[in-house]
Amino acid sequence: MKKIEIVGYQRANLGRAESQAIRAEGNVPCVLYGGDEQVHFYAPAILFRDLLYSPNIYEVALNIEGAEYRAVLQESQFHPVSDVLLHVDFLQITDGKSIKVAVPVRLVGTAPGVQKGGKLVTRVRKLRVKGLVENIPDFIDVDVSDLDLGKSVRVGQIVVKDFELLEQASNPVASIEIPRALRGTVSAK
């Protein structure tokens with residue numbers, strides 16, 4: 001997993017008015033869960049750009065007034081109209097304890113169905129996985145080199161080790177769509 005650092009500051013008061021004042025200063029209220037106690041803090045909104053606007057998953061090194069924590073992004077909330085970042089939740093990483101995260105899917109290989117005129121469609125961009133932080137990969141590689149026209153790769157066909165896929169095995173990850181011009185010729189064969 002890639003690493004990123006966020007520097008934050010303890011929140012003195014909790015509540016709606018305090019949160020709005022923090023946001024007005026260009027900061028984002030945050031909470032760190034999963035440890036012995038919840039940690040309420042805020043951080044400058046600019047520090048979240050690489051973390052939120054990327055398909056990658058990151059291990060976040062939180063530095064809150066000198067106290068350091070290892071965490072992963074759990075949830076982020078945006079304003080429905082202005083798309084401003086409102087709140088971020090982090091899950092603390094504990095050694096020996098498994099976590100659940102969504103890992104990006106990377107398609108590998110050249111599909112014969114594409115060479116015949118089909119269109120490769122990615123059905124799922126991320127897959128939810130559960131495992132120890134050390135075992136979670138940056139990407140889940142899905143081999144599409146066996147896909148012909150009208151065929152799909154399903155979650156159950158993906159071979160993983162040291163972590164568990166939380167998606168249903170019957171869900172398609174990638175498929176080859178048959179274009180309209182080829183539909184009559186492919187089904188006749």
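Biologist: What does the accessible surface of the protein come to, and what share belongs to carbon and sulfur atoms?

Modeller: Accessible areas come from the Shrake-Rupley method with a 1.4 Å probe; for residues, only the protein chains shown count as cover. Here the surface is about 11,200 Å², and carbon and sulfur atoms hold 48% of that. This is a predicted model: local features need pLDDT of at least 70, side-chain atom pairs count only at pLDDT 80 or more, and totals for chains, interfaces and linings use all residues. Residues are numbered from 1 along each chain as its sequence is written, and side-chain values use heavy atoms, with hydrogens and water left out.

Biologist: What percentage of the residues count as buried?

Modeller: Buried means under 20% relative accessible area, exposed over 50%, and partly exposed in between (1.4 Å probe, protein chains only). Of the 189 residues, 34% are buried.

Biologist: What radius of gyration does the protein have?

Modeller: The radius is taken over C-alpha atoms, and the globule rule is 2.2 Å times the number of residues to the power 0.38. A compact globule of 189 residues would come out near 16 Å, but this protein has 21 Å. Along the principal axes, its C-alpha atoms fill a box of roughly 70 × 40 × 20 Å.

Biologist: How many helices and strands are there?

Modeller: Both are DSSP runs, numbered from the N terminus: helices are H or I with at least four residues, strands are E with at least two. The protein has four helices and 13 strands.

Biologist: Which residues does the UniProt annotation for the L25 domain cover?

Modeller: UniProt positions are in the numbering used here, feature names are shortened, and annotations may be inferred rather than shown by experiment. The unreviewed entry gives residues 9–90 as "domain: Large ribosomal subunit protein bL25 L25". That span is 16% helix and 49% strand, with its end C-alpha atoms 15 Å apart. The UniProt record also lists residues 99–180 as "domain: Large ribosomal subunit protein bL25 beta", again in an unreviewed entry. There the figures are 5% helix and 44% strand, and the end C-alpha atoms lie 44 Å apart.

Biologist: Why does Asn-27 count as buried?

Modeller: Asn-27 counts as buried because its relative accessibility is 13%. It sits in strand S2 (residues 27–33). A contact means heavy atoms within 4.5 Å. Leaving out residues up to four places away in sequence, Asn-27 touches Ile-22, Tyr-42, Ala-43, Pro-44 and Ala-45.

Biologist: Where does Thr-122 lie?

Modeller: Thr-122 belongs to strand S8 (residues 119–122). Its relative accessible area is 29%, so Thr-122 is partly exposed. Beyond four places in sequence, Thr-122 touches Leu-107, Val-173 and Ala-174. Its C-alpha atom is separated by 9.0 Å from that of Val-105, 17 residues apart along the chain.

Biologist: What is the phi of Asp-83?

Modeller: Start with the general rule. Most residues other than glycine have a negative phi. Asp-83 is not a glycine, yet has a positive phi of about 60°. It lies in the loop between strand S5 (67–78) and strand S6 (85–92). Asp-83 is exposed because its relative accessibility is 54%.

Biologist: And what is the phi of Asp-162?

Modeller: Positive, at about 70°, although Asp-162 is not a glycine. The loop that holds Asp-162 runs between strand S11 (152–154) and strand S12 (163–165). Its relative accessible area is 56%, so Asp-162 is exposed. Pro-137 is 25 residues from Asp-162 in sequence and 9.9 Å in space, C-alpha to C-alpha.
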